[in-house]
Amino acid sequence: MKDPSPNKPPPAKKTVSRWIRWQLWFNTYRKFFTVIMIANVIAIVLATTGHWPYARKYTGAMVLGNLLFAVLMRNELFGRLLYLVINTLFAKWTPLWFRLGCTSVVQHLGGIHSACATSGLLWLIYKVTQTFIDHSSNPAPILVIGVITNLFILIVAVSAIPWIRNNFHNIFERHHRFAGWLGLMFTWVFVLITDSFDTELQTWNLTASRVVRDQQFWFVIGMTACILFPWFTVRKVPVDIELPSPKVAILRFERGMQQGLLSRVSRSAIMEYHAFGIISEGKHAKYHYLICGVQGDFTKSLVNDPPRTIWTRQLKFAGVSNTSALYTRGIRVCTGTGLGAALSTCIQSPNWYLIWIGSDQEKTFGPTISGLIHRHMGPERLCLWDSKKRGGRPDVMKLVKEAYVAWNAEVVFITSNMQGNSEIMQGCKEANIPAFGTLWDF
């Protein structure tokens, strides 16, 4: 692919049709959310009007079934297994539309998470309301614990509203995590006391045989396992930090990784975890790296007070790049520190073409990252656009379209900031180029 002229300024921003913007807005995430929410609201209406006796009798199972699915969608082990199954069974030989569908589903599991969590909260409100309506048949402890459980689950749900999550990440994480743990604890108490109280005989009967026969007990067991298991993989590990410029910190850890994974790291065992894409030359490499753009308090602390050790979950979670194995050839577009989520795919597979747009790239990101790129990638599958040297940003869609045709690609993966991601996704949709962009829901 020929090198674009550095002197030609990028064209003015083009406005795409409302139909294209609607298709991108109503993505698989929102489709999952809509379908699941509608199904649960209909079920609650049927239970309320007496047309579905099962749900009215076993409301606790409806609550916990939804909450179990919600936490399962965010479990690292479940995610890794799901990606593994899809990449193993469907890579390259299945129709392109099917593989694109698989990528879209695994990328947007958050839609199931959000919908099931919200639905679980609605069912819980319904259950506690029913309990208060029949308050004469229920003792005070059940009523009190029901309200407390509702309160904690509500805090978890409110803290995850996108505006709060994106603008106040630390507040979101603290409330989502600690209120979630307290909500789980009170859910256990609520299940045990409601199972042990016989409303007909007005007697308590907390026996193991009675509890284990109830499906609610096993739902809570599943929830507890999904929430606790990833925390058993938390370790304090050595880290070497390279500071090639005031804008970037490069974290180096021991052991290699497969492509398409992300790592959560923190200076505390349980507080303020931050996710970054993993760069590695392969599973058998000596090291893997994280690129951390110096923006918030956490990344600034890496520059001002570089640690020798850092906390991380050894079980890494998979990102959309992990499905690159499904495709015969693809394009990986990234800007700035987005290279961290993109580079492993291009290093480990010769079938992927890299477009990286940034300012003063070699000076900003240093010799380690530059060396990884040039050791593994020739100019035939690489476009590095240095906006400082070339006098400005490129016409990104021109680069993408030319590479897509010349490389005979099947798909484009994008990692950029919110504005850049939106512009490239809109351009690809308009040009009928299959593309997957960045999400901000983890």
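How many bridges pair strand E12 with E13, and is the sense parallel or antiparallel? Some notes on this one, with the pairing in point 2.

1. Ground rules: this is a predicted model, where local features need pLDDT of at least 70, side-chain atom pairs count only at pLDDT 80 or more, and totals for chains, interfaces and linings use all residues. Residues are numbered from 1 along each chain as its sequence is written, and side-chain values use heavy atoms, leaving out hydrogens and water.

2. Strand E12 (residues 352–358) pairs with E13 in the parallel sense, over 5 bridges; strands count as paired if DSSP finds at least two bridges between them. Leucine 354 has leucine 382 in E13 as its bridge partner.

3. Both strands sit in an open sheet of 5 strands, ordered E13-E12-E11-E14-E15 with parallel pairing. Its edges are E13 (382–386) and E15 (435–436), each pairing on one side only.

4. Overall, the protein chain has 18 helices and 15 strands (DSSP runs numbered from the N terminus: helices are H or I, at least four residues; strands are E, at least two). The radius of gyration is 25 Å, close to the 22 Å from the globule rule for 442 residues, so the chain is as compact as a globular protein of that length (taken over C-alpha atoms; the rule is 2.2 Å times the number of residues to the power 0.38).

5. Buried residues make up 51% of the 442 in the protein chain, buried meaning under 20% relative accessible area with a 1.4 Å probe, protein chains only.

How values were computed. Buried means under 20% relative accessible area, exposed over 50%, partly exposed in between (1.4 Å probe, protein chains only).
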